[in-house]
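Here are a few friendly notes to read alongside the model. Keep the picture open and look up each residue as you go.

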Amino acid sequence: MDGELSTIILVVTTIILIILKITDAYQVKSSNKQRLKLISKLKSVPIVLDTIKIDGLHWTENRPVDVYDNQLDPNQSSFYNDTGISGYHKQKDIAKFESKLIIPITYMGQTYNFKTTLPLEHTIVRMKFYVKKTMPIYIVNTPPHSVQFLIDLTFMDTPMLSVITTPYFTKKNSQI
């Protein structure tokens, strides 16, 4: 009897987890559609992704990890459990990556260079850009003597990347 009950509980729990995952995926997809619908109403200029300068940086950090090799941050309260004991298992060297981008955006005869950093290895960024070839850069309604852009990086299929907003760039030919 106990074996049947635990099997039923396991099946019900699995079904609930599957439903929650499907619901989360639907909500993310729905919010992406809404965002794209709003962004697509903005004026845009195309950019050839080969014109973006990409510099990669690699380094190694010696970090505390738990028994599953998940990184732990000793400065976070979650480093210690309810009994005050940490989930610390060992120190491990972890490879870190970063890609620095310089994106030249040409708009109304002027080129604005936007610098940003992505938490991805540079060859992955280069491959995604190679496949995509071009992408639109969206222009935000701005004050008369400046311009701001939105860069949609969701095509890279990386959860941590979405839409990047540039700072305001001053138009060089404007009368201030």
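1. Let's begin with charges: the structure holds four salt bridges. The term means a side-chain nitrogen of Lys or Arg within 4 Å of a carboxyl oxygen of Asp or Glu. Side chains of opposite charge can pair when their charged atoms come close.

2. A word on the source. This is a predicted model, in which local features need pLDDT of at least 70, side-chain atom pairs count only at pLDDT 80 or more, and totals for chains, interfaces and linings use all residues. Residues are numbered from 1 along each chain as its sequence is written, and side-chain values use heavy atoms, with hydrogens and water left out.

3. Now find Asp69. Its salt bridge with Lys92 brings the closest N and O atoms to 2.9 Å apart. Asp69 lies in the loop between β2 and β3 while Lys92 is in strand β3, so the pair ties together parts that are 23 residues apart in sequence. (Strands are DSSP runs of E, at least two residues, and helices are runs of H or I, at least four, numbered from the N terminus.) Asp69 also forms a salt bridge with Lys90, where the closest N and O atoms are 3.8 Å apart. Shared partners join Asp69, Lys90 and Lys92 into one network.

4. How accessible is Asp69? At 33% relative accessibility, Asp69 counts as partly exposed. Here buried means under 20% relative accessible area, exposed over 50%, and partly exposed in between, using a 1.4 Å probe and protein chains only. Lys92 is partly exposed at 30%, and Lys90 is partly exposed at 34%.

5. Another salt bridge joins the side chains of Glu61 and Arg63, at 3.5 Å from N to O. Glu61 is partly exposed at 24% relative accessibility, and Arg63 is partly exposed at 23%.

6. Next, the rings: a search of the whole structure finds five aromatic pairs. Rings of Phe, Tyr and Trp (its six-membered ring) pair if their centres lie within 6.5 Å; planes under 30 degrees apart are stacked, over 60 edge-to-face, and the rest tilted. The centres of Tyr112 and Phe169 are 5.3 Å apart with planes at 40 degrees, so this pair is tilted. Tyr112 sits in strand β4 and Phe169 in strand β8, so the pair ties together parts 57 residues apart in sequence. Both Tyr112 and Phe169 are buried.

7. Phe169 also makes a tilted pair with Phe149, at 6.1 Å centre to centre and 50 degrees between the planes. Tyr107, Tyr112, Phe149 and Phe169 form one aromatic cluster.
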